[in-house]
Amino acid sequence: VIQVRLDELARRLGVELIGDGGKEIRGVQPLEKAAADDLSFFHNPRYAEQARNSRAGAVLLADPSLLPGRDVLVCEHPYLAFARALAIFHPAEPAPVGVHCSAVVAAGASLGDDVSIGPHVVIGPGSRVGSGTVIGAGSVLGDQVEVGEGCLIHPRVVIEDRCRVGDRCILHAGVVIGSDGYGFATVDGVHHKVPQVGRVVVEDDVELGANVCIDRGTLGDTRIGRGTKVDNLVQVAHNVQVGEGCLLVAQAGISGSTSLGHHVVMAGQAGVAGHLRVGDLAVITAKTAVFKDVSDGAMVSGNPARPQREWLTANAELRRLAGVRKRLAELERRVAELENDAPDAAEEER
Amino acid sequence: VIQVRLDELARRLGVELIGDGGKEIRGVQPLEKAAADDLSFFHNPRYAEQARNSRAGAVLLADPSLLPGRDVLVCEHPYLAFARALAIFHPAEPAPVGVHCSAVVAAGASLGDDVSIGPHVVIGPGSRVGSGTVIGAGSVLGDQVEVGEGCLIHPRVVIEDRCRVGDRCILHAGVVIGSDGYGFATVDGVHHKVPQVGRVVVEDDVELGANVCIDRGTLGDTRIGRGTKVDNLVQVAHNVQVGEGCLLVAQAGISGSTSLGHHVVMAGQAGVAGHLRVGDLAVITAKTAVFKDVSDGAMVSGNPARPQREWLTANAELRRLAGVRKRLAELERRVAELENDAPDAAEEER
Amino acid sequence: VIQVRLDELARRLGVELIGDGGKEIRGVQPLEKAAADDLSFFHNPRYAEQARNSRAGAVLLADPSLLPGRDVLVCEHPYLAFARALAIFHPAEPAPVGVHCSAVVAAGASLGDDVSIGPHVVIGPGSRVGSGTVIGAGSVLGDQVEVGEGCLIHPRVVIEDRCRVGDRCILHAGVVIGSDGYGFATVDGVHHKVPQVGRVVVEDDVELGANVCIDRGTLGDTRIGRGTKVDNLVQVAHNVQVGEGCLLVAQAGISGSTSLGHHVVMAGQAGVAGHLRVGDLAVITAKTAVFKDVSDGAMVSGNPARPQREWLTANAELRRLAGVRKRLAELERRVAELENDAPDAAEEER
């Protein structure tokens with residue numbers, strides 16, 4: 001069990017300590033589960049009451065006045081500090097440095113210092129793996145693949161020929177990078193394959209979830225921008241350009257040649273059609289189907305996607321629709337009665 | 001070809017025979033395809049007519065009066081008996097017991113009796129595999145993984161460090177258990193990884209379809225309850241709790257920290273947002289997007305999800321909407337006419 | 001760098017040259033990126049203006065009168081010729097013929113001439129691989145699997161026991177063929193597995209995208225028709241029959257026992273429920289959820305799916321709904337006024 005004094009923890013996290021620096025901390029837990037030797041955290045002031053009731057031995061927070069008399073660690077971004085504390089109390093087991101005897105590394109491949117190449121890994125000729133990178137068991141790198149430094153490639157990842165992965169990327173198990181784009185020239189009902197000869201370029205600090213698929217470009221590159229984080233089972237089609245710092249949540253899909261600006265959020269199971277432009281900082285909510293360009297900063301919902309406010313209004317209107325028909329029928333009855341009674345109507349009948 | 005006398009078949013299935021026990025049965029088929037030496041079945045009485053026209057040599061059913069004069073096997077649950085008959089006529093080829101010479105099993109791993117460890121399997125230190133379990137070719141078990149007894153792990157499955165799988169589980173090819181949850185602390189547009197140090201716990205008698213992904217918990221466990229069956233390409237996010245006996249159909253997705261009660265059904269391509277509670281026996285129909293808690297036994301549909309009856313009504317109303325606008329326009333015309341003819345209106349005009 | 005004279009290129013593509021046959025072409029690019037030694041193409045006359053402004057050294061087109069005075073290659077299907085030109089300038093690296101020493105090929109397996117069996121491949125007893133087929137690293141073929149001639153199986157594909165793949169098929173990384181169908185006999189809340197003893201049959205000239213899953217039939221075959229192209233992360237359930245020349249776009253899903261005619265298009269994230277029939281040449285647009293049969297040539301959209309025109313109308317109506325409610329309220333006010341003023345109403349009040 002790892003045990004760290006609170007003053008030492010404050011120092012390592014770069015935060016301010018108020019309280020008993022000699023207290024020993026042995027783990028990190030959310031407020032409701034924390035014990036007397038656990039560090040916990042909150043940011044939003046509405047959790048202050050819960051924090052006061054928590055048994056946590058110390059609490060990371062932004063405003064110490066919300067928790068008077070307690071041992072606290074003060075910083076601007078308590079959740080980030082909490083994430084760092086997690087890494088302190090749960091250090092990742094370092095992968096064994098070296099090349100496992102069962103790995104098949106082509107003669108022409110180049111491996112950096114301190115790489116860890118797992119069992120049954122295959123690395124093709126001309127490929128390069130940067131220093132400190134871990135390639136998990138059963139992963140396959142094709143020919144002339146480049147993977148940067150400090151990457152963590154989990155087991156059973158496939159990176160096809162000529163694709164590139166930057167530094168400090170994390171690729172989870174089952175990821176496929178560089179499968180062919182879905183392109184066919186159809187003549188008389190026969191779909192002839194259009195060769196897909198471009199690449200995939202995954203920039204630095206990207207994380208790709210389990211079983212994610214990213215197709216190579218037809219002629220140019222499919223690109224995942226720096227710092228973008230992709231959840232499990234996401235599909236990125238050929239020629240797509242994803243900007244920096246985007247969040248693509250599980251089972252989202254992006255069709256061919258579409259571009260996303262920076263810091264776009266696609267929530268779970270959302271989809272974007274091909275050849276579109278999604279603006280910077282746009283948010284596409286869960287299950288949304290985008291068929292038109294989305295402007296910078298817009299939040300869109302529904303199928304077809306429209307501004308979220310409009311979608312919410314339409315849903316509310318839909319619930320009122322049965323009422324509308326009732327009122328309409330009632331009105332028709334009343335108007336018919338008025339018409340029967342009207343003097344003109346009587347005259348016309350004569 | 002396997003050949004079983006009908007009386008012997010009745011005995012092995014534990015059902016009642018009415019008819020010729022000496023008849024030889026050589027296979028099982030649905031009613032429309034069954035031949036004179038096939039066993040077939042039906043449960044719903046509306047298939048009785050089809051059963052009477054079937055050439056099946058014998059029929060499993062609940063009510064023998066529906067098929068007079070035929071050789072029948074009578075039991076309360078004919079479909080279950082049919083499933084068991086299928087296993088009799090199509091016995092699974094037993095996997096070869098032992099550890100394939102190409103497998104890489106860490107010194108500290110523990111293997112039960114009669115396990116079958118396929119080619120190119122990797123098993124990390126501290127991992128345990130229960131007796132009678134089959135690990136298919138190319139599967140990777142990380143460090144300190146536990147897999148119970150009598151499991152069937154198909155090829156190319158990944159179970160990451162410290163995750164647990166119970167007894168009698170079936171994991172299809174490409175399953176990933178224990179990928180990192182999708183958690184980031186975002187500061188100034190940079191998404192900092194929140195270490196995911198929890199586990200995945202898959203309880204007994206669970207089946208997971210091909211390329212299913214189940215993320216590990218952030219601090220605690222992601223859990224798949226006993227007897228739950230998961231179809232292909234389903235996503236289960238970190239900290240999710242799935243109860244016992246649930247059915248998660250293909251391409252469904254569950255966001256982080258959501259809990260499902262027991263015997264919940266999520267149909268294909270359905271999704272549930274994070275931090276929600278779906279009650280026992282609830283049914284989420286295909287393609288539905290759930291953004292609020294679902295109560296016990298509820299059936300919900302649509303995006304956003306609402307009670308199915310309400311959704312069906314809304315769809316019906318939507319189809320009538322063009323008619324509503326026509327009626328409204330007609331009414332406006334009639335009211336305008338009435339207003340023109342009204343004495344008061346005339347007076348006001350003077 | 002590959003360099004081909006324009007007259008030689010015309011000859012190899014089987015198209016008509018108008019212009020300078022001696023010009024050297026060194027690559028293929030879309031109109032906007034093409035340089036003076038690139039071949040480009042267009043088909044739709046609305047790109048003629050862009051073609052005139054392009055720097056392309058030569059252009060494949062159908063109507064040479066749209067590009068007078070330029071070096072052009074004339075043919076009926078310029079996009080198809082472009083695809084063939086792509087293959088000329090970007091020839092696929094031939095895989096090394098032979099069986100890699102780390103592959104595990106069962107004694108009873110049969111390999112055709114000139115196969116390429118990659119590192120860590122596993123091929124079970126009784127399986128057959130046709131001549132000229134490439135099996136990528138880490139792929140697993142079970143027992144009695146048949147793969148035809150001239151196939152390209154990418155790394156980490158799984159083909160389970162007894163399944164069949166035709167000639168000239170392309171299977172991308174992570175494909176799973178022959179996982180069990182999702183079938184259970186539920187009694188008293190316990191889901192008993194129904195053995196899935198059928199096969200998957202993939203006919204000739206099929207392409208399957210990365211991480212696609214195709215379940216085996218319960219008793220008969222799940223079938224993917226000749227020339228059908230399947231994009232990444234698509235799910236095909238047990239007993240499904242997909243006709244010839246279909247296009248199943250990424251993340252689409254087809255439930256059990258449904259059949260698709262020939263040349264059906266399912267766009268991205270579309271789904272079809274079980275036991276349905278989708279007619280020849282039908283189009284199911286992106287994100288659509290089909291719960292009823294679709295007739296030949298129909299185009300359907302929405303959840304639940306309806307004819308696309310109807311869906312578009314319903315969406316337009318929905319946007320007008322707030323206006324309808326306003327008009328209704330106004331009309332109610334006017335009718336109430338008429339009623340107050342009506343002589344009868346006055347009389348009734350006496």
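Analyst: Helices (H or I, at least four residues) and strands (E, at least two) are DSSP runs, numbered from the N terminus. This is a predicted model: local features need pLDDT of at least 70, side-chain atom pairs count only at pLDDT 80 or more, and totals for chains, interfaces and linings use all residues. Residues are numbered from 1 along each chain as its sequence is written, chains are lettered from A and ligands numbered from 1 in the order in which they are written, and side-chain values use heavy atoms, leaving out hydrogens and water.

User: Is V4(B) buried or exposed?

Analyst: V4(B) sits in strand 1 (residues 4–5) of chain B. Buried is under 20% relative accessible area, exposed over 50%, and partly exposed in between (1.4 Å probe, protein chains only). V4(B) has 5% relative accessibility, so the label is buried.

User: How far apart are the C-alpha atoms of V4(B) and K23(B)?

Analyst: Contact here means heavy atoms within 4.5 Å. Beyond the neighbours within four places in sequence, V4(B) touches several residues, including L9(B), I25(B), F89(B) and K23(B). K23(B) lies 19 residues away along the chain, yet the C-alpha separation is 8.3 Å.

User: In strand 36 of chain B, what is the bridge partner of S259(B)?

Analyst: Strand 33 (residues 259–260) of chain B pairs with strand 36 in the parallel sense, over two bridges. Within strand 36, S259(B) is bridged to R277(B).

User: Over chain C now: in strand 7, what is the bridge partner of L61(C)?

Analyst: Strand 6 (residues 58–61) of chain C has A58(C) and L60(C) pointing one way, V59(C) and L61(C) the other, and all are buried. Strand 5 (residues 38–41) runs parallel to strand 6 and is joined to it by three bridges, with S40(C) partnered by V59(C). Strand 6 also pairs in the parallel sense with strand 7 (residues 72–74), again over three bridges. There, the partner of L61(C) is V74(C).

User: Why do the buried residues of helix 5 of chain B end up on the same side, and what arc do they cover?

Analyst: Helix 5 (residues 321–341) of chain B buries L321(B), V324(B), L328(B), L331(B), R334(B), V335(B) and L338(B). The arc is taken from the directions running from the helix axis to the C-beta atoms. These residues are on the same side because their arc is only 135 degrees.

User: Which exposed residues are on the face turned away from the buried side of that helix?

Analyst: The buried residues of helix 5 of chain B have cover that includes helix 5 (321–341) of chain A, helix 4 (308–319) of chain B, and helix 4 (308–319) and helix 5 (321–341) of chain C. The face turned away from the buried side carries K326(B) and N340(B).

User: Which three residues of chain B lose the most area to chain A?

Analyst: The contact involves 62 residues of chain B and 61 of chain A. Buried area is the accessible area (1.4 Å probe) that two parts lose on being put together, summed over both. It comes to about 5,000 Å² here, 65% of it from carbon and sulfur atoms. On the chain B side, 14% of what is buried comes from Y182(B), H191(B) and L219(B).

User: What share of chain C's buried area against chain B comes from Y182(C), H191(C) and L219(C)?

Analyst: Here 64 residues of chain C meet 62 of chain B, burying about 5,000 Å². Those three supply more than any other three residues, namely 14%.

Conventions:
Pairing = 2+ DSSP bridges.
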